[in-house]
Amino acid sequence: MRRSLILAAMAVLAGPGLAFGQTAGAADPRGWLGPFAVLVAGFAMAFAAGLCGLGQGRAVAAAVDAMARQPGAAARIQTAMIIGLALIESLAIYVLVVAMILLFVQPIR
Amino acid sequence: MDVIEHPPIFRLPGIPDHVTYTWVVMIVLTLVAFLASRNLQLVPRGTQNFMEVVIEQIQQLIDDVMGHEGRRYLPLIATLGLFILTANLESLIPGFAGPTANLNTTAACALVVFFAYHYIGIRKQGALTYLKHFTGPVPLALKPLMFVIEIISHLARPLSLTLRLFGNMVGGHILLAIIFFLMGLHGLIGWALSGSVPGAIVGGLGGLVMIVFTVGFLYPLKILVSLLQAFIFVMLTMLYISGAIEEADHGHGSDHGHGSGHH
């Protein structure tokens, strides 16, 4: 059941690539990888945003918990939280950069 | 990205946009510094007062993070912070390009930080002592492995500094451009002006909602992101520099104590 679902998903995903590849032919400078690159960029950004949100949510939850227990140390906790959030967020930013490379630069054709 | 984003209004032929607008940032910062220090007074007023508050805030931050040792590096840190903040905010002015939305500018800033903190560390501790601290407090057999891992993690620092600033700014610009230009001007408002009655109603209402959403939510969000990214860049710079300085004490402590010194 699961394998057939995966196969169906792969077929659906492969559809636009093959169709574009056949219709566009050699004249298209983007090649047959172009539609795949668009799909992959979108899905990559979706996964990265979701998981980055999960991670940042955990970090903020822990920080707010700590700030509620120790209001005196709120400023230091907030600074540490912002640095941690920046480090977590940079992982999603890497995916954004990769997605933009896939969309706009397309080094592999 | 030229497909969806409007090119800046002011362009010099043959010179890339981010260089032109870096010059604008430089002119603005030089002008503010000149105005602030032209007529120094004991009781500051106007521009001098404002700049003193800004510098005092940065100094307070340095004292909190690095201690009084860090005041020597105030020029480097404050210059980076003011430049990045001004460049980030400049990219929000309609018709202007943001220098920090280009990889070259952010990579230049990150490389300055990279070489600066290694230089500071080497000058503070000497080259051999500084290199020794890359191995960390581990048994002798593990030291080569730790050394390689540390080198890789140090090489990743400028990369992550570069990409974080660049990605945040470009991501925000693409978001604004898509919502305002593609969805708004080309889509909804174009539909409203197309002449059909339902298009005028739906497109007009949608265009109004879009303008309120952009001006009321996305712009303040971008201003917040600009401030936050400048703060984070400066904060990480301070952490890297204090790491390069402070490793001396930590290393000596673990050398003498061996096991009791570090935790």
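The model is predicted, with local features needing pLDDT of at least 70 and side-chain atom pairs counting only at pLDDT 80 or more, while totals for chains, interfaces and linings use all residues. Residues are numbered from 1 along each chain as its sequence is written, and chains are lettered from A and ligands numbered from 1 in the order in which they are written.

Chain A holds 3 helices and 0 strands (DSSP runs, H or I of at least four residues for helices and E of at least two for strands, numbered from the N terminus). Helices α2 (residues 33–69) and α3 (residues 74–105) of chain A pack at about 175°, their axes 9 Å apart (lines fitted to C-alpha atoms over the stretch in contact, with angles from 0 to 180 degrees between N-to-C directions). The pair α2(A) and α3(A) is therefore roughly antiparallel (angles over 145 degrees). Their contact comprises 27 nonpolar, 3 polar and 1 charged residues (nonpolar: Ala, Val, Leu, Ile, Met, Phe, Trp, Tyr, Cys and Pro; charged: Asp, Glu, Lys and Arg; polar: the others, Gly among them).

Turning to the two chains, 9 residues of chain A contact 9 residues of chain B (C-beta atoms, placed from the backbone, within 7 Å). On the chain A side, 8 are nonpolar, 1 is polar and none is charged.

The largest nonpolar core has 39 residues (buried Ala, Val, Leu, Ile, Met, Phe, Trp, Tyr and Cys joined through C-beta atoms within 7 Å; buried means 20 or more other C-beta atoms within 10 Å of a residue's own). Its largest share, 9 residues, comes from α7(B).

Terms used: Angles under 35 degrees count as roughly parallel, over 145 as roughly antiparallel, 65 to 115 as roughly perpendicular and the rest as oblique. A residue is buried if 20 or more other C-beta atoms lie within 10 Å of its own, exposed if 12 or fewer, and partly exposed in between; C-beta atoms are placed from the backbone.
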